[in-house]
Structure formats: C-alpha cells, structure tokens
Amino acid sequence: MSAAAEEVSDDALLVLYANGDSRAAAELTARLGPRVFGVAMRVMGIRAEAEDVTQEAMLRLWKMAPEWRPGEAQVSTWLYRVAMNLCIDRKRRARGGHVDLDAVPEPPDPGRSAAEQMQDGARQDALQAALMQLPERQRQAVVLRHLEELSNPEIAGIMDISTEAVESLTARGKRALAAALAGRREELGYNDG
Amino acid sequence: MADTDKANQELEELFAAARRDRPALPEHLSAAILADAGRVQQGRHAAGPARAARQPLWRQLIEAVGGWPAMGGLAAASAAGLWIGLAPPSFVPDPVALAGYEDSGNAVPYDSYDMAMVLSEDLQ
C-alpha cells in the first residue's frame, strides 16, 4: 500500500477489509503479521508452531472483521490476546512433548562480522532457551513487556489479569532469566569488569 | 548488588538485540494469510445475497412486520379484537346506537293495524 495508507488506523483498515477492500488485508498483514509471528516464535519456541498460531490468529481476525466496533479496543491488542490463547492451547495439547530449540532460526544480519553474528546468535539462543524454562504466563508477560515493549495495562488486557499481576509476572520472569543466564556469562562473551 | 545490576544490564542488552532482530514474516506464511483473507471475504460476499434469496415468503413477511415479538403482539391484538366483537363487555357502548340508528320511532309499521286498514281500503 502507499505511504498514505500508513496513516490509516488498524481499526479503519479492518472496516475497509470487512467492506470488501482486499488491499486493506495486505496492509493489515504487513503491519500485524510480523508482530504476532515474533511473539508466537518467542512463546512457542518452534517455528512451525509459531507459523500455525500466526495464520490461525489472522484467520480469526478476518472472520471477526464484520463485527468489529471501531474505537472500542485496539486491533493489535485483540490479536495478541487471540495469539496468546492459541499458544496456551497448543502448549497444553503438546504437554509432555519436547521443545525443539534448534528450530528457532538465527536471524541474518549482513551488517555484522561472522564472529559477531555467531556470538549474537548464541546469545539469542541462550535467551530463547532461558525463556522456554519460564512458566507459560511468565514467559508471555516477559515477551510482551520486554520484546514487544507493550505497556503493563495493555498486557493486562491481553492476558486478562490485573496490572499488578503483570508487574509481578515480569519481575519474577526477569529474575529467573538473569539467574538462568548467569551461568553462561563467559560462554556468551560477557566478561567480568 | 553489583552482580544483580550487571545481570540486569546484560539482560536488557539481550532484549534490545532481540527487538532489533525481530523475525520477518515468512513469504509463504504471508501468502497463506492473504489467501485466507480473500477466501473469508469472498465467502462473506457470496453468502449474503444467497441467504436472502433462500428465505421463504412467510419468513420475509414476519421480518417485514418486525420479527417474532411483533407477530406475538399482532396475534394478541387480533384475538382481543375478535373477543370484544363477539361478546362486548357491559361498559362498552353499543356500536349500533353510536352510529345513530334507533330500532323504534321512525320504523315502518308494515304489520301494524294502520297498514291493514290502508290495504283493506284499497280493496274496497
């Protein structure tokens, strides 16, 4: 879509889509798809699962479009909420199965040297491994707060809990992550001093 | 305390790197999402008129009146009207009297004595 479309709100795009505008679907996919996919990747830890969650969440968005009431809520908040619930459902179904951490890809970054990229990749793998050790709700709260940079009230709306509960989840999650990564400081290139 | 600060700082750096390297939406996934969007959109627009055309006449009439609640009110009003017509309550005035007709006074006494006299006079 054109630069003018950038100024159109998600709300308005969803209404346009419901009225039959296919370009609105493309713009919404470009805006919201990567965000949902990124969160699902971090929460699920498996690329194929994250793709399924993203596609399903977006499908529900398309189906819900005619009933959407502009101004009542943010489309992104609604979508995050659907995606988080889908993640929980899938985790519940897969409980007992193993998590394939190797399936998480290392994003390419042509601006850095191979050694730096390897170290960054190792650090991101370590972060993902530490995230996967967190309880489900803690992981969701940490991802939404520190990777998506959403506000605590918005996360509270997504997770259907109080703002205080979000603060508690993210604080405990961060402490657990720091503890999990503390033993790997040297391996990840964090030198003392 | 210093260790905690350092650990937090390193964690913040990791978060910042993760935000920078956010994964892009794979092309095949983007295509699948858009295909879903098109399918849902087409289905919705195709289903709309088709559903309307399939509606039977009685349902269209009910909807024109205002749906089942309105039909209930209409039926109750009709029943009450019929009942009042067949057996009007005592406090309801006689509609014939209200229309200004009387059953006495100017009525023609075709079977009265006067009429018999007229006829007998004609025969004579």
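This is a predicted model: local features need pLDDT of at least 70, side-chain atom pairs count only at pLDDT 80 or more; totals for chains, interfaces and linings use all residues.
Student: What pattern does chain B follow along the sequence?
Tutor: Read along the sequence, the pattern of chain B is α-α-α-α-α-α.

Student: What percentage of the residues in chain A is buried?
Tutor: Relative accessible area sets the class: buried is under 20%, exposed over 50%, and partly exposed in between (1.4 Å probe, protein chains only). In chain B, with 124 residues, the buried part is 14%. In chain A, with 193 residues, the buried part is 48%.

Student: Which residues have the most contacts inside the largest nonpolar core?
Tutor: A nonpolar core is a set of buried Ala, Val, Leu, Ile, Met, Phe, Trp, Tyr and Cys residues joined through side-chain atoms within 4.5 Å. The largest one has 62 residues, and those with the most contacts inside it are A:Leu61, A:Trp62, A:Leu144 and A:Leu177.

Student: Which helix gives the largest share of this core?
Tutor: At least three residues of the core come from each of domain 1 (9–98) and domain 2 (114–193) of chain A, the bounds being those of an automatic or database domain assignment. The largest share is eleven residues, and its source is chain A helix H2 (residues 22–44).

Student: Which residues of chain B does A:Leu177 touch?
Tutor: Contact means heavy atoms within 4.5 Å, and residues up to four places away in sequence are not counted here. Within chain A, A:Leu177 touches A:Leu127, A:Ala130, A:Leu131, A:Leu134 and A:Val142. In chain B, the residues touched by A:Leu177 are B:Leu11 and B:Phe15.

Student: Why are H4(A) and H6(A) described as roughly antiparallel, and what is the handedness of the crossing?
Tutor: Axes are lines fitted to C-alpha atoms, for helices over the stretch in contact, and angles run from 0 to 180 degrees between N-to-C directions. Helix H4 (residues 75–93) and helix H6 (residues 136–147) of chain A pack at about 150°, with axes 11 Å apart. Angles under 35 degrees count as roughly parallel, over 145 as roughly antiparallel, 65 to 115 as roughly perpendicular and the rest as oblique, so H4(A) and H6(A) are roughly antiparallel. A crossing is left-handed if the near helix is turned anticlockwise from the far one by less than a right angle, and right-handed if clockwise; H4(A) passes H6(A) in a crossing that is right-handed.

Student: How are H6(A) and H8(A) oriented to each other?
Tutor: The two axes come within 8 Å and cross at roughly 95°. The contact includes A:Val142 and A:His146 of H6(A), and A:Leu169 and A:Leu177 of H8(A). H6(A) and H8(A) are therefore roughly perpendicular.

Student: Is A:Thr77 buried or exposed, and which residues is A:Thr77 in contact with?
Tutor: A:Thr77 is found in helix H4 of chain A. Its relative accessibility is 17%, so A:Thr77 counts as buried. Leaving aside neighbours within four places in sequence, the contacts of A:Thr77 are A:Glu154 and A:Ile158.

Student: What distance separates the C-alpha atoms of A:Gly157 and A:Thr77?
Tutor: A:Gly157 lies in chain A helix H7 (residues 152–159) and counts as partly exposed at 30% relative accessibility. A:Gly157 and A:Thr77 are 80 residues apart along the chain, and their C-alpha atoms are separated by 7.6 Å.

Student: What is the phi of A:Asp160?
Tutor: Most residues other than glycine have a negative phi. A:Asp160 lies in the loop between H7 and helix H8 (163–182) of chain A and is exposed, with a relative accessible area of 57%. Although A:Asp160 is not a glycine, its phi is positive, at about 60°.

Notes:
Residues are numbered from 1 along each chain as its sequence is written. Chains are lettered from A and ligands numbered from 1 in the order in which they are written. Side-chain values use heavy atoms; hydrogens and water are left out. Helices (H or I, at least four residues) and strands (E, at least two) are DSSP runs, numbered from the N terminus.
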